[in-house]
Amino acid sequence: MSKKKSITRSFFKKITVYDVLFSLSFLASLVVSIAMDKKDLVYVIPVVIFTIILKYISVAKKETKPLFIFALLAILVSNVLSLYNFEDYFMWITIATSLFLFCTTLVLRGYLSKTKLKSLLTFPFLTGFILVSYLIFAVLELIIDFIPGNMFFFTFLCIFFLLIYALTFAMIYVNNMYNNVVVLLASGIFYIFQICLSPINEFFIYNKTFTVLIIVCNILSIYLLMKFVSETNVLDVKDVKEKYI
């Protein structure tokens, strides 16, 4: 058997039914977002996220983290409400998103090393964090007139947890203790882009292309996050800092 055939057979052996379901549901979401009304995504997005949950459980097995599953269910609620009616359910969307960010941050803190935290206070790291913060608050300034006054608390709560989440995955990336930290970084970037673009698309100017980009970034961010959490183990449990927030 040639080396090429051996590699091909090995590749297909690694593909599971959950990978096939994810690919099909992702493709269906993409087609619906392009060809149909945004509300029709309510019927396909839950399938994508449930497939990701099943994929996570099948990979993690005994190491499955209930808190991470809860986080995925929270983002499912946020996504469904966003697609159904973003403005009417804005408060519940921000609460569900905050829960997702908070729970995910708690899961990710286990991948931080306290021995390397001091080395993170570098100019590139601080500059990157400031730029992300500026982007988030620039978007907030753009849409602030469209947000009801009684929703400011929930909006800032969501922004606070988003900044903490961004800080956490950025620290893990800079620590560079794992061979797939790029997966986590890509997940974080996709999520920040999606969460910044969503209110602009809903409150400021609606665009079909934006909807497609939001759906793609949202699904990829969740899938890549699941991939990192399910395939990455803490290198040294004794070296995990117990409190980061």
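1. The chain has nine helices and zero strands, and its elements therefore read α-α-α-α-α-α-α-α-α from the N terminus on. The model is a predicted one.

2. Of the 245 residues in the chain, 46% count as buried. The accessible surface amounts to about 13,400 Å², and carbon and sulfur atoms hold 69% of that area. Among contacts in the chain with a separation of 6 or more, 77% are between residues 24 or more positions apart.

3. Searching the whole structure gives 16 aromatic pairs. One of them joins phenylalanine 160 and phenylalanine 161, edge-to-face, with 5.4 Å centre to centre and 65° between the planes. Phenylalanine 160 is partly exposed, because its relative accessibility is 43%. Phenylalanine 161 counts as buried because its relative accessibility is 16%, and the cut-off for buried is under 20%.

4. A further edge-to-face pair consists of tyrosine 178 and phenylalanine 228, at 6.2 Å centre to centre and 90° between the planes. Tyrosine 178 sits in the loop between α7 (152-175) and α8 (181-204), while phenylalanine 228 belongs to helix α9 (residues 208-231), so this pair ties together parts 50 residues apart in sequence. Both tyrosine 178 and phenylalanine 228 are buried.

5. Phe100, Tyr165, Phe169 and Tyr191 form a cluster linked by ring pairs.

6. Tyrosine 84 has a charged neighbour: lysine 39 lies over the face of its ring, at 5.6 Å from the ring centre.

Notes. Residues numbered from 1 in each chain as written. Predicted model: local features only at pLDDT ≥ 70, side-chain atom pairs only at ≥ 80, totals over all residues. Heavy atoms only, no water. Phe/Tyr/Trp six-rings, centres within 6.5 Å; stacked < 30°, edge-to-face > 60°. Buried < 20%, exposed > 50% of the residue type's maximum accessible area, 1.4 Å probe, protein only. Helix = DSSP H or I, 4+ residues; strand = E, 2+ residues; numbered from the N terminus. Lys NZ or Arg CZ within 6 Å of the ring centre and 35° of its normal. Contact = heavy atoms within 4.5 Å. Areas by Shrake-Rupley, 256 points an atom, 1.4 Å probe, with all protein chains shown as cover.
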